Amino acid sequence: MILYSFRRCPWAMRARLALRYAGCEVQVREVALKNKPAELLALSPKGTVPVLDCADGVLEESLDIMRWALRQNDPEDWCLRADPAAAQQADALIARNDCEFKLQVNLYKYAERYPEHSREHYRKHAEAWLAELEGLLQGRPYLFAEHPSLADAALLPLMRQFAGVEPQWFAEAAYPRLRNWLQGWLASSLFKAVMAK
């Protein structure tokens, strides 16, 4: 299996997390986004990463790759099969992350491209999301269970991006549980493995 990836892309990052967690033997091919290889474009004409070329065909969306990996092996129940209600809530949270929070991160990170408002304005607009995640982490180390889930891994890369825009602000902000959650992931052997150059 071949995964076409870009190390810092949040979507490729979460695909690598799930594949590594599930123990899928995959060859990662780092793609230069300004010089995309012909074999990638042949598999996926849209030319975005991640793309997984596997026995079941070609998967072109990070969430599809994550779910495929977990169907192969899910030793810690990232899919939350033991709690179907939580699994539904997790799916809804991922959908909002990938749509709403992604837009907020873009506005905040690239505020100079959107001069209608200040970076601080965009950050404040995103804080409702941070507060919601902080609430989910009350009384447990992960968003929906005592162990990681698909939602944790799926949300991690964008939250990492958000926290990196103004690290000092994030370090002092009133979201200690969210900060601990993020730091726990960033310090994990799983995350370090998928971010290795």
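How closely do the axes of α5 and α6 come, and at what angle do they cross? Hi everyone, let's take that one together.

A quick word on the model: it is predicted, local features need pLDDT of at least 70, side-chain atom pairs count only at pLDDT 80 or more, and totals for chains, interfaces and linings use all residues. Residues are numbered from 1 along each chain as its sequence is written, and side-chain values use heavy atoms, leaving out hydrogens and water.

So, to the pair. The axes, lines fitted to C-alpha atoms over the stretch in contact, come within 12 Å and cross at roughly 140°, with angles running from 0 to 180 degrees between N-to-C directions. That makes α5 oblique to α6, oblique being what is left after under 35 degrees (roughly parallel), over 145 (roughly antiparallel) and 65 to 115 (roughly perpendicular).

Now α5 by itself. Helices here are DSSP runs, H or I, of at least four residues, numbered from the N terminus. This one covers residues 119-136, and a kink of about 35° is centred on A126; the bend is the angle between axes fitted to the seven residues ending there and the seven starting there.

A126 is also buried, as are W129, L130 and L133, among others, buried meaning under 20% relative accessible area with a 1.4 Å probe, protein chains only. The buried residues of α5 pack against α4, α6, α7 and α8. On the α6 side, the partners in contact (heavy atoms within 4.5 Å) are L155, M159, F162 and V165.

Finally, α3 meets α6 too: L63, M66, R67 and L70 touch L150, A153 and A154. Thanks, everyone!

Definitions and conventions:
Helices (H or I, at least four residues) and strands (E, at least two) are DSSP runs, numbered from the N terminus. The expected span of a helix is 1.5 Å times one less than its number of residues. Buried means under 20% relative accessible area, exposed over 50%, partly exposed in between (1.4 Å probe, protein chains only).
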